[in-house]
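Hello,

Here is the structure I promised to pass on to you. Have a look when you get a moment, and my notes follow below.

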Amino acid sequence: MSITRTTYKSRPTLAVTTPAMTALFLPEDGGKLASLTAVDGFEFLCQNPAPHYTPLAYDGSYVNAECASFDDMFPTVDPYTLPTGEYAGITYPDHGETCRLPYEVQINGGSVKLSAASRILPLTYEKVITPQADGSLTVTYTIENSGNEPLPFIWAAHCMLRGQDDLRIITPYPQGTPLTYMFGATPADGLPLDRLSGYEPGLGRAYKYYFDEPSDGGFVSAVYTASGHRFEMDFGTPFGSALPYLGVWINNGSFKNYYNIAIECATAPYDAPDRAMQSGYCSEIPRGSKWEFTLRIRVE
């Protein structure tokens with residue numbers, strides 16, 4: 001196991017290695033997990049094919065930047081403007097603020113801590129990345145609200161997996177669990193929920209849905225059936241019980257000519273705090289409080 005400094009597309013990078021994987025994190029680019037490879041070199045994350053990295057400026061367009069691999073989305077996915085209170089009129093930017101911030105780095109023995117402060121709210125954001133002897137990787141998040149009011153938010157993983165025809169998604173939800181489609185499809189379309197349906201650059205359907213019920217299993221897996229490679233993200237008891245909801249975004253080529261599936265475990269569904277609250281879901285950080293959770297990532 002090791003933590004070393006290197007580069008990814010010329011960006012400063014922390015390479016975190018376990019007996020099963022190598023994970024590349026970009027501290028100057030929102031702490032993004034840019035690459036995740038098995039010991040045989042198999043890449044699990046969707047990669048932007050451009051040879052040079054396109055940084056996301058603080059006020060820039062998320063989709064016009066690198067827009068690949070695994071970003072943390074906080075305090076929202078879609079833009080959201082606080083309607084009332086001390087921070088009324090402040091807008092949470094598209095795909096959140098944390099993916100736009102540079103992070104300070106502290107390597108402490110067998111872990112690395114990335115930390116940043118919000119530019120718009122009294123929030124600090126920290127993630128501690130620890131390689132484990134069993135080959136897994138844990139990422140522990142701590143978000144602190146030092147302000148005078150509770151702050152509504154959504155935290156969501158924006159984990160874009162490399163697409164292949166043999167990729168299958170396994171979730172803890174039984175068949176028939178109610179869904180809400182966010183865009184690109186309706187139940188009447190009959191599009192698959194657990195797989196891609198064929199790569200059509202610029203044309204293939206892209207759609208996203210949420211399971212409307214919280215998970216009682218707390219994991220999602222991606223299996224490449226032809227080779228047996230497997231990715232698993234544990235977001236339930238005991239590791240991520242703060243993330244009970246799951247969204248899935250399937251892109252067969254219409255978005256940026258990518259072929260990918262994104263798995264988005266989240267504190268609440270529907271991509272923005274107002275839509276979540278309108279449907280009876282809510283997550284917020286009380287004033288003067290910390291919100292903490294841990295994700296565990298495994299590959300085989």
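In the hairpin of strand 8 and strand 9, G109 takes a positive phi near 60 degrees, and two residues lie between the strands. Strand 8 covers residues 104-108 and strand 9 covers residues 111-117; they run antiparallel and are joined by five bridges. Within this pairing, I107 stands opposite V112 of strand 9. On the terms here: strands pair if DSSP finds at least two bridges between them, and strands are DSSP runs (E, at least two residues) numbered from the N terminus.

Before you go further, please note that this is a predicted model, in which local features need pLDDT of at least 70 and side-chain atom pairs count only at pLDDT 80 or more, while totals for chains, interfaces and linings use all residues. Residues are numbered from 1 along each chain as its sequence is written, and side-chain values use heavy atoms, with hydrogens and water left out.

Now to the salt bridges, meaning a side-chain nitrogen of Lys or Arg within 4 Å of a carboxyl oxygen of Asp or Glu. By this rule there are 14 salt bridges. For accessibility, buried means under 20% relative accessible area, exposed means over 50%, and partly exposed is in between (1.4 Å probe, protein chains only).

One of the salt bridges joins the side chains of R11 and D29, at 3.0 Å from N to O. R11 sits in strand 2 (residues 11-17) and D29 in the loop between strand 3 (21-26) and strand 4 (32-38), so this pair ties together parts that are 18 residues apart in sequence. D29 counts as buried because its relative accessibility is 7%.

Finally, the side chains of D134 and R296 meet in a salt bridge of 3.7 Å, N to O. D134 is in the loop between strand 10 and strand 11 (137-145) and R296 in strand 22 (residues 289-299), so the pair ties together parts 162 residues apart in sequence. D134 is exposed at 57% relative accessibility, whereas R296 is buried at 11%. Salt bridges with shared partners also join R11, E28 and D29 into one network.

Best wishes

Methods: Helices (H or I, at least four residues) and strands (E, at least two) are DSSP runs, numbered from the N terminus.
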